[in-house]
Amino acid sequence: MAPIQDVLPSLTVGLTFTAFAALKFYGLARGIEGGGKKPLATRLCGS
């Protein structure tokens, strides 16, 4: 098994992109529209 120092950077990047993808799919399912002048939460979830 690889030491945690070798796995942690890849794990962090992978979890971050997975979380953003989950937010985008949630927004797509709920019909949330994002945009430049919307609040941060709406921009993150918006399609």
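Ile-4, Val-7, Leu-8, Leu-11 and Leu-15 together make a nonpolar surface patch with about 460 Å² of accessible area. Patch members have over 30% relative accessible area and no salt bridge, with like charges joined within 9 Å and nonpolar side chains (Val, Leu, Ile, Met, Phe, Trp, Tyr) within 5 Å; a salt bridge puts a side-chain nitrogen of Lys or Arg within 4 Å of a carboxyl oxygen of Asp or Glu. Areas come from the Shrake-Rupley method with a 1.4 Å probe, and for residues only the protein chains shown count as cover.

This is a predicted model, in which local features need pLDDT of at least 70 and side-chain atom pairs pLDDT 80 or more, while totals for chains, interfaces and linings use all residues. Numbering runs from 1 along each chain as its sequence is written, and side-chain values use heavy atoms, leaving out hydrogens and water.

Overall, the protein chain has two helices and zero strands, these being DSSP runs numbered from the N terminus (helices H or I, at least four residues; strands E, at least two). Its C-alpha atoms fill a box of roughly 45 × 20 × 10 Å along the principal axes. Of its 47 residues, 6% are buried (under 20% relative accessible area; exposed is over 50%, partly exposed in between, with a 1.4 Å probe and protein chains only).

Leu-11, one of the patch residues, sits in helix 1 (residues 4-30) and counts as partly exposed because its relative accessibility is 44%. Residues three or four places apart in an α-helix point the same way, because there are 3.6 residues a turn. As for length, the 27 residues of helix 1 should span 39 Å at 1.5 Å a residue, which agrees with the 37 Å between its end C-alpha atoms; the expected span is 1.5 Å times one less than the number of residues. Just after helix 1, Gly-31 has a positive phi of about 80°.

Next comes the loop between helix 1 and helix 2. Lys-38 is in this loop and touches Glu-33 and Arg-43, leaving aside residues up to four places away in sequence (contact: heavy atoms within 4.5 Å). A polar atom of the Lys-38 side chain lies 3.4 Å from the backbone oxygen of Glu-33. With 36% relative accessibility, Lys-38 is partly exposed. Its C-alpha is 36 Å from that of Val-7, 31 residues away in sequence. Pro-39, also in the loop, counts as exposed because its relative accessibility is 53%.

Definitions and conventions. A polar contact is a pair of N or O atoms within 3.5 Å; within protein, one must be able to donate a hydrogen and the other to accept it, and residues adjacent in sequence count only if both atoms are side-chain atoms.
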